[in-house]
Amino acid sequence: MMDLRRHGGFALRLAIGLPLVGGILLVAQALVLANILGRVIQEGAAVATVTPLVLAVAAILLVRIAIGVTGEQAGQIAAEKIKLALRHALFAHEIEKRNGLGLAPASGAIATAIVDQTEAIEAFFARYLPAMIGAVFLPIAFAVVLFPVDWIIALLFLFTAPAIPLFMALAGMGAQTATDRQANALSRLSAYFADRLRGIVTLKLFGREQDAIADVHKASEDLRRRTNRVLVIAFLSSAILEFFAALGVAGVALYVGLTYLGFLPFHPELTLTMGFFALLMAPEVYQPLRQLAAHYHDRAAARSAIEQIENQIGKLDALTILQPAKSPLIRINAAALAIEDLTVKTSSGRAILDDLNLSLSASQSLAIMGESGIGKTTLMRAIARLIPYEGQILIDGTETCELPEAQLCQRLAAITQKPRIFHGTLYDNIRFAAPQASDEAVHTAACRARVMDFVSDMPEGLDTLVGEGGEGLSGGQAQRIALARLFLIGPGLIILDEPTAHLDPETEAAVLDEIFAFAAGRTLIVLTHSRSVAARADKAMRLAGGKLHTMPHMRSAAANKEEHRA
């Protein structure tokens with residue numbers, strides 16, 4: 001877990017260093033304040049003579065407050081950076097492993113790891129880690145400062161302060177075990193709830209919804225009991241700290257008082273100023289340990305969270321960060337596609353694609369026709385590595401299963417019949433494909449995809465909000481948004497599933513012109529029912545019986561069109 005610290009950067013170093021600076025100022029504040037009390041009480045100095053010292057105390061106090069606030073803010077910033085890095089790594093791992101296809105682990109456990117467990121490490125880096133560094137160095141430093149004042153008081157601090165972490169560690173062992181069980185219970189509950197939610201229709205049909213409700217309630221009660229056990233041990237740890245801290249402060253006060261009364265001859269020359277200084281520093285010696293105890297549970301929670309996360313992605317020794325998106329409109333060389341003996345079966349064993357073969361040279365365009373449900377979309381999903389298959393799919397001679405996810409996404413772009421539109425502006429939905437794209441590039445892509453044809457009637461233009469799933473847009477408008485995304489990137493292989501199915505003939509012709517112009521020098525596969533769309537491709541094939549069959553008449557139509565253009 002400590003390997004994650006490097007992602008906190010300067011903010012984390014600032015959060016750790018500022019409390020140490022605050023400790024130095026605390027010593028100065030206590031010394032000045034003790035001097036004020038000694039001069040006024042023992043020497044009878046007028047208030048006016050100590051006014052500069054009072055102002056100095058106020059100034060030091062304000063600086064300490066500013067340091068404390070800055071340290072807390074820096075800790076929060078560092079924790080946010082670390083959480084972002086970890087979530088990027090988790091997301092990249094899940095995308096790479098394709099767990100979203102219904103494979104283990106359960107989606108509820110994945111969601112808990114990315115959202116809840118990652119959130120649980122915030123307090124460790126924002127509060128516990130600075131408190132731990134302060135607890136290690138400040139009590140010893142305070143004791144060293146007090147040694148010239150009175151060596152007995154310094155030894156009292158040096159002996160009592162280490163006992164606190166020792167007993168806290170003993171309590172912490174139990175807290176860690178209880179926290180691990182609580183984190184496991186949370187992951188199980190999340191996975192269990194998500195599984196029942198997915199199967200709610202089936203449960204309802206078989207009349208088992210009440211049993212599912214009872215099981216979820218039982219799991220949530222188990223989580224509640226385990227959480228309460230964690231809190232009990234956490235309170236015990238705090239009680240241990242307060243006991244020893246109170247004992248240490250009371251011991252110093254008793255020693256100073258008995259020394260002034262003459263009952264202890266160890267240090268008869270102890271002045272009133274130095275006595276006040278020792279009494280003022282006594283609670284401050286234990287304050288860093290109080291801070292550590294207050295956030296000690298954060299350590300246990302973070303360790304349990306990391307353990308749960310590592311159950312999903314393995315050890316975090318080498319955290320992988322998603323690289324920033326490449327600049328838009330980067331030209332990627334055309335990709336050659338070869339498919340050998342491709343077979344895709346349903347869960348019941350029926351073959352949708354059966355020993356399918358295809359060879360497509362770089363920069364070629366291919367139209368694949370076929371009846372609805374014959375397997376065109378399945379072929380696209382197999383090429384995009386979205387479903388399991390048998391056989392080989394090679395892009396430029398490399399099997400897609402061997403390509404890293406980022407490289408596959410650069411080489412291949414696939415647009416389905418129902419592209420994903422999320423809640424946000426039209427601009428955000430287009431720029432989603434290339435987050436670093438400029439406003440000019442987004443507007444150009446929107447024009448090429450004929451998005452501006454319908455956006456021009458909207459008062460807010462590309463800043464118009466749309467609902468989740470494309471609510472407020474027609475099927476054709478959603479398709480054009482997806483095509484605009486395509487025009488922002490430069491893949492070597494493009495697969496389009498019915499790209500103009502919802503468009504009128506005039507708009508279809510304009511959009512097809514832009515698609516084939518954009519695809520010039522790239523490899524293009526179009527899945528379509530439209531013969532006019534297929535006629536634009538270099539060659540056309542029909543999918544039937546799980547295999548691809550050449551359509552010579554469509555090839556002739558394409559050749560005729562080329563002659564007409566010439």
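The structure is a predicted model, and its chain holds 18 helices and 12 strands. Of the 566 residues in the chain, 46% are buried, and the accessible surface comes to about 28100 Å², with 61% of that area belonging to carbon and sulfur atoms. When contacts between residues at least 6 apart in sequence are considered, 78% of them join residues at least 24 apart.

**The six-stranded sheet**

- Six strands form an open sheet with mixed pairing, and their order across the sheet is β6-β9-β10-β3-β11-β12.
- Because β6 (412-415) and β12 (547-550) stand at the edges with a single partner strand each, one side of each is left without a neighbour in the sheet.
- On average, and with direction ignored, neighbouring strands of this sheet are turned by 20° against each other.
- Helix α10 (residues 376-383) packs on this sheet, where it touches β3 (365-369), β6, β9, β10 and β11 (539-544), and the direction of the helix makes about 150° with that of β9.

**Strand β10 and its two partners**

- Strand β9 (residues 493-497) pairs with strand β10 (residues 523-527) in the parallel sense, over five bridges.
- Within this pairing of β9 and β10, L493 stands opposite T523, while D497 stands opposite L527.
- Strand β3 also pairs with β10 in the parallel sense, here over four bridges, and the bridge partner of A367 in β10 is V526.
- Five of the five residues of β10 are buried, so this strand is largely enclosed by the rest of the structure.
- In a regular strand, the side chains alternate between the two faces of the sheet.
- In β10, T523, I525 and L527 point one way, whereas L524 and V526 point the other way, and all of these residues are buried.

**The four-stranded sheet**

- Four strands form an open sheet in the order β2-β1-β4-β5, with antiparallel pairing.
- The edges are taken by β2 (351-360) and β5 (398-399), each of which has a single partner strand, so one side of each is left without a neighbour in the sheet.
- Strand β1 (residues 337-345) and strand β4 (residues 390-395) run antiparallel and are joined by five bridges, and among the residues of this pairing, L337 has I395 in β4 as its bridge partner.
- Helix α10 packs on this sheet as well, touching β1, β2 and β4, and its direction makes about 115° with that of β1.

- R485 is found in helix α15, which covers residues 475-488.
- Although R485 is buried, it has no salt bridge, and the nearest side chain of opposite charge, that of E468, is 9.3 Å away.
- Leaving aside its neighbours within four places in sequence, R485 is in contact with R420, I421, F422, N429, I430, F432 and A433.

Technical notes:
Residues numbered from 1 in each chain as written. Predicted model: local features only at pLDDT ≥ 70, side-chain atom pairs only at ≥ 80, totals over all residues. Heavy atoms only, no water. Helix = DSSP H or I, 4+ residues; strand = E, 2+ residues; numbered from the N terminus. Buried < 20%, exposed > 50% of the residue type's maximum accessible area, 1.4 Å probe, protein only. Lys, Arg positive; Asp, Glu negative; His and termini not counted. Salt bridge = Lys/Arg side-chain N within 4 Å of Asp/Glu carboxyl O. Contact = heavy atoms within 4.5 Å. Pairing = 2+ DSSP bridges. Axes fitted to C-alpha atoms, helices over the stretch in contact; angles between N-to-C directions. Areas by Shrake-Rupley, 256 points an atom, 1.4 Å probe, with all protein chains shown as cover.
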